[in-house]
Amino acid sequence: MAPLSDLLRAVIDELNMGVMIVDPELRLELWNRFMAMHSCRTEEDVQGRVLFDVFPDLPEKWFRQKVRSVLELQTLAFTSWVQRPHVFDFAGSRPITGKQSKMYQDTTFFPILEHGNVTHVGILIADATERAVQHQIMHDLNQRLSQEKVEQQHLIEKLEEAQNQLLQSEKMAAIGQLAAGVAHEINNPIGYVYSNIGSLERSAQDLLDMVRAWREAVEASGAPELVEKLDDLAKKYDFDFIQEDLSDLIAESREGAERVKRIVQDLKDFSHVDKAEWQLADLHKGLDSTLNVVWNEVKYKAEVIKEYGNLPEVECIASQLNQVFMNLIVNAAHAIEERGTITIRTGCKGDEVFVSVSDTGCGIPEQNLTKLFEPFFTTKPVGKGTGLGLSLSYSIVQRHQGRIEVESEVGRGTTFTVWLPIRQPEKQVDE
Ligand SMILES: Nc1ncnc2c1ncn2[C@@H]1O[C@H](COP(=O)(O)OP(=O)(O)OP(=O)(O)O)[C@@H](O)[C@H]1O
Ligand SMILES: [Mg+2]
């Protein structure tokens, strides 16, 4: 290689980057001060030695390929710290940036021409540690930020869900309170109407008996004009009809009053406002009262078949479970287009009980099955469904440490099964 002028040599030594020149056999011919400082070897030490002797960790095959491409193609080759962070393993002596003990390097290979031929290859090593460290910091920060963003999104979703469920359960609680209020108001008057009907029946019977006795007495007295007058009166007021009709009227009124009493009781049972705490409850009672409350929605759509098994008393918040049953039964009725069947089954398995509501309705398409319990998922027209029923049901059942299962076939029907433990594990009871 042609000798360098002193000036050029001085400039090369001042450069804040490694400069090496090797011949095609990769023997070192030039080694600037930067190289000497970082590798702790003088130029005399390495002069004429093959590069791989000086840097035994250098990836030989890759390196030879790079040099060959520069020799043959007579063009630059470059490798950045991103692909190969530490090409040359420097023994030490370089200042350490933060926690970095190794220098990140950008390496450039360039051809050196003499008389038009490439005779040597120059190698430039730039210290990229500062950039690499900054990059790493940015990368870590970015990752932390995106992780925080995911966590925040998750929190927002949970918050939204909690808020929606709160809304729905407030709505249900308000309905429950309204129902309980109405029930309380009706309870008193229907109480005396019902008891008065009993007195009325007895008094009416006495009156009829008395009139009959009078008539017999008059007939026995042998006064024909009196008998005739009585007959005229009996005809005028249609006494025979009154006799027959009075007991029917009273029986019907009693039946009506009984029905009102039952509805009032159902409303009270359903709302359970006075008992919104954990209790041992008969789920069949809850199901029956719930069915009566929603009967109006169901009766035109479906025949309801009850297949109740033997159920022990279940530890639960009965008013909340009734909300679950109500939503399942109303959903079943809504799923039936014209007329169908709703079957309510109950049973006990191990230490769990189940309540299932099956319908012969439209069924649920597979793609909707995973979305059913999401708040606001509804396929019903505006005003008919809010899409909160199942999400609230889900959280109620979860609070009871139970689960809801769905089986459905489009066009054939759907079964929702609620599984509940008979007794709550300790920690949940105080919630
Ligand atoms: N038995 C069923 N058969 C068919 N589809 C059902 C059944 N039960 C629920 N679905 C589907 O799941 C959706 C969500 O039900 P969910 O009870 O959560 O809300 P909703 O009934 O639409 O409204 P609401 O808040 O008044 O209960 C319904 O819109 C319906 O598409
Ligand atoms: Mg619903």
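**Close-up views of a predicted model**

**View 1. The surroundings of ligand 1.** Ligand 1 has 19 residues around it, and those that come nearest are Thr378, Thr379, Lys380, Thr386 and Leu390. Please keep in mind, here and in the views below, that this is a predicted model.

**View 2. Polar neighbours of the ligand's oxygen atoms.** Let us start with a side chain: a polar atom of the Asn331 side chain sits 2.8 Å from an oxygen atom of ligand 1. The backbone takes part in this view as well. A polar backbone atom of Gly387 lies 2.9 Å from an oxygen atom of ligand 1, and for a polar backbone atom of Leu390 the distance to an oxygen atom of ligand 1 is 2.7 Å. How much of the accessible area of ligand 1 does the protein cover? On its own the ligand has 600 Å² of accessible area, and the protein covers 92% of that.

**View 3. A nonpolar patch on the surface.** Five residues make up this patch: Leu4, Leu7, Leu8, Val11 and Leu15. Together they have about 420 Å² of accessible area. To get your bearings, look for Val11, which belongs to helix H1, residues 6-14. Is Val11 buried, partly exposed or exposed? Its relative accessible area is 44%, so Val11 is partly exposed.

**View 4. Cys40 and its positive phi.** Between helix H2 (33-39) and helix H3 (43-46) runs a loop, and Cys40 is found there. Although Cys40 is not a glycine, its phi is positive, at about 60°.

**View 5. Asp238 in another loop.** Here the loop joins helix H7 (224-236) and helix H8 (239-271), with Asp238 in it. Asp238 is not a glycine, yet it has a positive phi of about 55°. With a relative accessibility of 42%, Asp238 counts as partly exposed.

**View 6. Stepping back to the whole protein.** Of the 431 residues, 38% count as buried.

How values were computed:
Residues are numbered from 1 along each chain as its sequence is written. Chains are lettered from A and ligands numbered from 1 in the order in which they are written. This is a predicted model: local features need pLDDT of at least 70, side-chain atom pairs count only at pLDDT 80 or more; totals for chains, interfaces and linings use all residues. Side-chain values use heavy atoms; hydrogens and water are left out. Patches are made of residues with over 30% relative accessible area and no salt bridge: like charges are joined within 9 Å, nonpolar side chains (Val, Leu, Ile, Met, Phe, Trp, Tyr) within 5 Å. Accessible areas come from the Shrake-Rupley method with a 1.4 Å probe; for residues, only the protein chains shown count as cover. A salt bridge is a side-chain nitrogen of Lys or Arg within 4 Å of a carboxyl oxygen of Asp or Glu. Helices (H or I, at least four residues) and strands (E, at least two) are DSSP runs, numbered from the N terminus. Buried means under 20% relative accessible area, exposed over 50%, partly exposed in between (1.4 Å probe, protein chains only). A residue is near a molecule or strand if one of its heavy atoms lies within 4 Å of it. A polar contact is a pair of N or O atoms within 3.5 Å; within protein, one must be able to donate a hydrogen and the other to accept it, and residues adjacent in sequence count only if both atoms are side-chain atoms.
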